[in-house]
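Here's a quick tour of how two parts of one chain meet. Have the structure open as you read.

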Amino acid sequence: MEYSVRVLERTWLNSETFELTCTRPEGFAFAAGQHVRLSCDDLEREYTIVSATHEPFLRFLIKRVPGAGLSARLAEIMMHGLLRLGKPTGYLTFQPTDKTSVFIATGVGVAPFVAMAASGVHGFILLQGARDHSGLFYRPLLEGAALTWVGCLSGEDTARRAGSIFHGRVSTYVSDHLPHGNYTFYLCGSHPMIHDMTHLLDERYPAARVYSEAYS
Ligand SMILES: Cc1cc2nc3c(=O)[nH]c(=O)nc-3n(C[C@H](O)[C@H](O)[C@H](O)COP(=O)(O)OP(=O)(O)OC[C@H]3O[C@@H](n4cnc5c(N)ncnc54)[C@H](O)[C@@H]3O)c2cc1C
């Protein structure tokens with residue numbers, strides 16, 4: 001099943017990351033956290049939908065990767081240009097349990113958790129990793145929905161500000177600060193982060209269920 005959607009808006013959230021808004025095809029249903037294949041001419045890649053399941057438009061959070069790939073093309077695509085969209089797939093969707101959900105994301109890997117928060121999921125712990133403050137995308141929405149939100153900044157010369165900011169990687173936060181508890185973990189971001197975090201969680205929380213999705 002393939003749809004055709006029109007690009008309506010592009011908003012830059014920092015120097016390398018933008019939100020792309022497209023029309024939503026009639027009858028197009030998805031679960032918060034799912035991704036779709038976006039195609040433009042000869043290029044196709046997966047992108048997670050960040051909009052709420054009930055919103056009239058589809059929004060995507062996209063990092064422009066250097067080179068001539070699809071993200072670079074979408075960073076320049078003309079407004080009202082057409083894209084092809086595959087059917088939504090993916091299993092990084094919220095699974096309600098009596099355990100506390102811990103979402104751990106780096107960079108644009110926060111996308112599934114944005115869709116979940118926008119669609120009404122709340123009461124989770126979110127560790128949002130970024131190099132600096134400009135990478136803490138959708139912070140007001142996420143802080144509002146979370147029981148605990150922590151921005152983990154890995155950059156070296158990050159200006160210190162008040163609030164729930166931890167200066168270090170998400171993995172350091174988990175090893176040094178996340179209390180023992182009954183958790184379900186959801187991981188999204190780069191392969192190295194997912195790899196390291198999976199090992200760490202296996203050691204520290206061997207009984208916990210871990211869902212993950214790697215972007216690069
Ligand atoms: C299930 C799934 C969901 C995804 N959702 C999103 C999303 O919501 N937003 C998003 O921006 N991307 C997402 N991606 C990544 C996306 O599909 C592309 O891989 C990415 O946009 C790069 O594609 P490209 O054609 O521009 O570059 P390519 O020419 O395909 O890649 C160039 C190089 O960049 C690397 N790369 C890919 N992504 C990144 C990154 N984020 N940071 C640094 N290097 C990277 C690739 O591994 C490759 O080595 C998702 C991937 C998967 C598998």
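## What counts as a polar contact

A polar contact here is a pair of N or O atoms within 3.5 Å; within protein, one of them has to be able to donate a hydrogen and the other to accept it. Residues adjacent in sequence only get counted if both atoms belong to side chains. With that rule, five residue pairs come up in polar contact across the interface of domain 1 and domain 2, with both partners at pLDDT 80 or more. Keep in mind that this is a predicted model.

Domain 1 puts 19 residues into the contact, and domain 2 puts in 15.

UniProt has its own take: an unreviewed entry lists residues 1–115 as "domain: FAD-binding FR-type". That stretch is 44% strand and 9% helix, with 22 Å between its end C-alpha atoms.

## Where they meet

About 1,200 Å² gets buried between domain 1 and domain 2, and carbon and sulfur atoms supply 62% of that. There's also one salt bridge between the two domains. Arg131 pairs up with Glu16 in a salt bridge, with 3.4 Å between the closest N and O atoms.

## The domain 1 side

Which elements give two or more residues to the side of domain 1 that touches domain 2? They are strand 1 (2–14), strand 2 (17–23) and strand 5 (57–63).

Key:
Residues are numbered from 1 along each chain as its sequence is written. This is a predicted model: local features need pLDDT of at least 70, side-chain atom pairs count only at pLDDT 80 or more; totals for chains, interfaces and linings use all residues. Side-chain values use heavy atoms; hydrogens and water are left out. UniProt positions are given in the numbering used here, feature names are shortened, and annotations may be inferred rather than shown by experiment. Helices (H or I, at least four residues) and strands (E, at least two) are DSSP runs, numbered from the N terminus. Contact means heavy atoms within 4.5 Å. Buried area is the accessible area (1.4 Å probe) that two parts lose on being put together, summed over both. A salt bridge is a side-chain nitrogen of Lys or Arg within 4 Å of a carboxyl oxygen of Asp or Glu.
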